[in-house]
Amino acid sequence: MLSKKMEAALNAQVNAEFWSAYLYLSMSANFSAQGNPGFANWFAVQFKEEQDHAMIFVKYILSRGGKVTLAPIDKVQTEWASPLAAFEDTLTHEKKVTAMIHDLYTLADAEKDYATKSMLGWFVDEQVEEEETAQGYIDALKMIKDNGFGIYTLDKELGARTYTQAAPLAGK
Ligand code: MG
């Protein structure tokens with residue numbers, strides 16, 4: 001059984017992952033409206049991945065005999081001035097998520113909840129990737145500045161991103 005404290009913290013993470021999904025769907029819609037289909041696609045894939053993250057926590061809570069409690073999802077920003085602004089917000093947000101995952105790990109460690117620590121290991125690695133990816137696009141967009149061909153080329157690149165189900169859900 002999960003401790004009540006661990007259960008509450010994991011439920012808070014479910015909400016945070018759904019909020020992330022909401023944020024990226026909002027960014028995706030913003031870029032669709034602005035005529036950047038590739039950026040819109042990239043954030044639409046990100047939206048699906050965040051739903052996967054939420055589901056991993058939901059399934060885990062249930063597998064440990066815990067109760068899933070879904071709280072309201074806070075509203076998100078709806079407009080970004082540029083792709084750079086969106087990726088800068090993405091990096092800031094992912095750093096926040098990393099800190100949350102690390103806090104969960106610290107709690108699981110304090111409670112000697114080894115199963116939860118093991119489950120969180122995948123998220124610790126995932127967050128390294130999330131931050132590295134966002135930083136990479138920030139670097140690229142800073143080089144591109146307002147060069148139309150650069151934005152066009154990056155939009156094409158981001159348009160090629162496809163969704164793959166997160167490994168813990170795919171049973172890998
Ligand atoms: Mg996530």
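1. Magnesium site. The donor residues of the magnesium ion follow the sequence spacing E-x32-E-x2-H, and in this predicted model the protein donors are Glu17 through OE, Glu50 through OE and His53 through ND1, which lie 2.1 to 2.2 Å from the ion.

2. Helix 2 against helix 4. The axes of helix 2 and helix 4 come within 12 Å and cross at roughly 170°; because of that angle, helix 2 counts as roughly antiparallel to helix 4, the cut-off for this description being an angle over 145 degrees. The crossing in which helix 2 passes helix 4 is left-handed.

3. Helix 3 against helix 4. For helix 3 (residues 83-110) and helix 4 (residues 114-144), the axes come within 9 Å, and the crossing angle is roughly 160°, so that helix 3 is roughly antiparallel to helix 4. Helix 3, too, passes helix 4 in a left-handed crossing. Sorted by class, the residues in the contact of helix 3 with helix 4 are 16 nonpolar, 6 polar and 8 charged.

4. The largest pocket and its lining. The largest pocket holds about 180 Å³ of space, and the residues that line it are Ala16, Trp19, Leu23, Gln77, Asp89, Thr92, His93, Lys96, Val97 and Met100. Helix 1 (4-33) and helix 3 are the elements that give two or more residues to this lining, and helix 3 gives the most, with 6 residues.

5. By class, the lining of the largest pocket divides into 5 nonpolar, 3 polar and 2 charged residues.

Definitions and conventions:
Residues are numbered from 1 along each chain as its sequence is written. This is a predicted model: local features need pLDDT of at least 70, side-chain atom pairs count only at pLDDT 80 or more; totals for chains, interfaces and linings use all residues. Side-chain values use heavy atoms; hydrogens and water are left out. Axes are lines fitted to C-alpha atoms, for helices over the stretch in contact, and angles run from 0 to 180 degrees between N-to-C directions. Helices (H or I, at least four residues) and strands (E, at least two) are DSSP runs, numbered from the N terminus. Angles under 35 degrees count as roughly parallel, over 145 as roughly antiparallel, 65 to 115 as roughly perpendicular and the rest as oblique. A crossing is left-handed if the near helix is turned anticlockwise from the far one by less than a right angle, and right-handed if clockwise. Ala, Val, Leu, Ile, Met, Phe, Trp, Tyr, Cys and Pro count as nonpolar, Asp, Glu, Lys and Arg as charged, and the others, Gly among them, as polar. On a 1 Å grid over the protein atoms alone, a cavity is a set of points where a 1.4 Å probe fits but cannot get out, and a pocket is an open set with protein on both sides within 12 Å along at least five of seven lines; lining residues have an atom within 4 Å of a point. Grid points are joined across faces, edges and corners, and a volume is the space filled by probe spheres set on the points. Donors are N, O and S atoms within 2.8 Å of the metal (3.2 Å for Na, K and Ca); water is not among the atoms, so sites may look incomplete.
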